[in-house]
Each structure stands twice: as C-alpha cells, then as structure tokens.
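Have the model open while you read.

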Amino acid sequence: DFLDVPNLYLEGLKSLVPVLERGQEKGAVSETELLEAVMDLGKAFGRTKQFIDSKACLERALEGFERLFGPEHENSLTARYFIALQTQSAEKVTELQALLERADSSLGVHRLVSDIANNLAHIARKGGNNKG
C-alpha cells in the first residue's frame, strides 16, 4: 500500500502540494483542501524523521486552520497535536495535557481526544522519559 511506504508517500505529497497551491490560486481548490494536504505533508515529513520540515508544514497548516476556523476547530487541534508530538518530553507532557483539555471540551468523544490520552498514557508507562 502506497501509504505504508513513508518515503514514497512523502514524495507524492511533495509533488501534490504545489499543484494544489496553483489550483487554490485559480479558485479550483479550497484553502481547506490545501491546508489539509500541507498538514498531511507535515505528518509525512515526521514519519521520515525530517522534523524541521515537518514542523514548518504543521505550523503553516495550524496558522491557516486557526485563521479560517478558530483555535478550537478539529483541524486546528489536530495540527497542534502533531506539533506537540515533536517537542521534548517535559514540554510534550504539558502541551499534550493542555491540548487534551481543549480537545475534550471542543470535540467531546472524538478520535483525537483518544489519541492524545493514549499518548499521555504511553509517556506515563515509560516513566515520562519520552524524547520524541
């Protein structure tokens, strides 16, 4: 499966985002579609351990989603979650705890809330010594 080959998936997204940017300029692609692709690109960079590029894409997506929908929207919270996963352990726990409260308040029962809680539980099982 294409998605199971991180480098292949990354290269596909790196090619797709510029096409979507041109489409968005011409009105053929919504800004939301473009930002979702940029967020996917950021996640793909993260899966291949290219954290600087990953964070840049995720922050771009976060800025756009917050501008369009506000900071409590699912897409904004999801981008913030993937950014938080890249922080160092002490900061990560603090970021994830705050994000869990926001996501639970905004989204209620939702996969993102479960993912955040599971990540916090994983960190706790490892004794809080999670570097990335």
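At what angle do α4 and helix α5 pack, and how far apart are their axes? The angle is about 165 degrees, and the axes sit 10 Å apart, with α5 covering residues 89–107. Keep in mind that this is a predicted model.

**α4 against α5**
- Angles over 145 degrees count as roughly antiparallel, and α4 and α5 are therefore roughly antiparallel to each other.
- Their crossing is left-handed.
- On the α4 side, the contact uses Glu74, Leu77, Arg80, Tyr81 and Ala84, while α5 brings in Lys92, Glu95, Leu96, Leu99, Arg102, Ala103, Ser106 and Leu107.
- Sorted by class, the residues of this contact come out as seven nonpolar, one polar and five charged.

**α3 against α4**
- Helix α3 (residues 51–69) packs on helix α4 (residues 74–84) at about 155 degrees, and the axes are 8 Å apart.
- That angle makes α3 roughly antiparallel to α4.
- The α3/α4 crossing is left-handed.
- From α3, the residues in contact are Lys55, Leu58, Glu59, Leu62, Phe65, Glu66 and Phe69; they meet Asn75, Ser76, Ala79, Arg80, Phe82 and Ile83 of α4.
- There are seven nonpolar, two polar and four charged residues in this contact.
- Arg80 turns up here facing α3, and Arg80 is also part of the contact with α5.

**α2 against α3**
- α2 and α3 pack at about 155 degrees, with 7 Å between their axes.
- That makes α2 roughly antiparallel to α3.
- Once again the crossing is left-handed.
- The contact of α2 with α3 splits into 13 nonpolar, five polar and six charged residues.

- At least two lining residues come from each of α2 (31–47), α4 and α6 (111–125).
- α4 gives the most, with five residues.
- By class, the lining has five nonpolar, four polar and four charged residues.

Definitions and conventions: Residues numbered from 1 in each chain as written. Predicted model: local features only at pLDDT ≥ 70, side-chain atom pairs only at ≥ 80, totals over all residues. Heavy atoms only, no water. Axes fitted to C-alpha atoms, helices over the stretch in contact; angles between N-to-C directions. Helix = DSSP H or I, 4+ residues; strand = E, 2+ residues; numbered from the N terminus. Parallel < 35°, antiparallel > 145°, perpendicular 65-115°, else oblique. Left-handed = near helix turned anticlockwise from the far one by under 90°. Contact = heavy atoms within 4.5 Å. Nonpolar A, V, L, I, M, F, W, Y, C, P; charged D, E, K, R; others polar.
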